[in-house]
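Here is a short briefing for a reader who has not seen this structure before. Please look through the sequence and the model before reading on.

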Amino acid sequence: MNTVNLVGRLTRDVVVRQTKQTGKNVASFSLAVKRPFSGGNQTDFFNCIAWDKVAEALSVHTQKGDLIGITCLLYTSPSPRDYAAS
């Protein structure tokens with residue numbers, strides 16, 4: 001099962017746009033999550049996407065710096081070098 005719970009602060013205001021083909025709302029945002037590290041904390045940054053009603057609610061009810069919690073699926077995107085010709 002690929003489920004992740006993150007609690008962190010928004011690093012910028014949520015940006016909502018609509019897809020060209022279906023007109024669905026999609027929101028982009030970045031979440032800063034602190035984690036304990038020897039001698040202090042380190043911060044990890046996660047680029048996130050939300051769809052439809054969740055996207056709309058995030059844009060209306062949150063702003064940069066707000067503490068939010070999300071439950072999501074985690075995946076990685078291929079890096080540009082993965083597409084390089086060999």
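This is a predicted model: local features need pLDDT of at least 70, side-chain atom pairs count only at pLDDT 80 or more; totals for chains, interfaces and linings use all residues.

The protein chain has one helix and five strands, and from the N terminus on its elements run β-β-β-β-α-β. With a radius of gyration of 15 Å, well over the 12 Å that the globule rule gives for 86 residues, the protein chain is more spread out than a compact globule.

**Overall dimensions and surface**

- Taken along the principal axes, the box filled by the C-alpha atoms of the protein chain is roughly 50 × 45 × 25 Å.
- The protein chain has 86 residues, and 23% of them count as buried.
- Among contacts with a separation of 6 or more in the protein chain, 50% are between residues 24 or more positions apart.
- The protein chain carries 10 positive and 6 negative side chains, and the centres of these two sets lie 3 Å apart.

**The largest nonpolar core**

- The largest nonpolar core holds 14 residues, of which Phe29, Leu31 and Ile68 touch the most other members.
- Two or more residues of this core come from each of strand 1 (4–10), strand 3 (25–37), strand 4 (40–51), helix 1 (52–61) and strand 5 (67–72).
- Strand 3 gives the largest share of this core, namely four residues.
- Leaving aside residues up to four places away in sequence, Phe29 touches Leu10, Arg12, Val14, Phe46, Asn47, Cys48, Ile49, Ala50, Leu58 and Ile68.

**Asp52**

- Asp52 is found in helix 1.
- Although Asp52 is not a glycine, its phi is positive, at about 50°.
- Most residues other than glycine have a negative phi.
- Asp52 counts as partly exposed because its relative accessibility is 34%, and the range for that class runs between 20% and 50%.

**Asn41**

- Asn41 has its place in strand 4.
- The relative accessibility of Asn41 is 54%, so Asn41 counts as exposed; the cut-off for exposed is over 50%.
- Not counting residues up to four places away in sequence, Asn41 touches Lys34, Arg35 and Pro36.
- Between Asn41 and Ala27 there are 28 Å in space, C-alpha to C-alpha, and the two are 14 residues apart in sequence.

Terms used:
Residues are numbered from 1 along each chain as its sequence is written. Side-chain values use heavy atoms; hydrogens and water are left out. A nonpolar core is a set of buried Ala, Val, Leu, Ile, Met, Phe, Trp, Tyr and Cys residues joined through side-chain atoms within 4.5 Å. Buried means under 20% relative accessible area, exposed over 50%, partly exposed in between (1.4 Å probe, protein chains only). Contact means heavy atoms within 4.5 Å. The radius of gyration is taken over C-alpha atoms; the globule rule is 2.2 Å times the number of residues to the power 0.38. Lys and Arg count as positive and Asp and Glu as negative; His and the chain ends are not counted. The place of a charge is taken as NZ of Lys, CZ of Arg, CG of Asp or CD of Glu.
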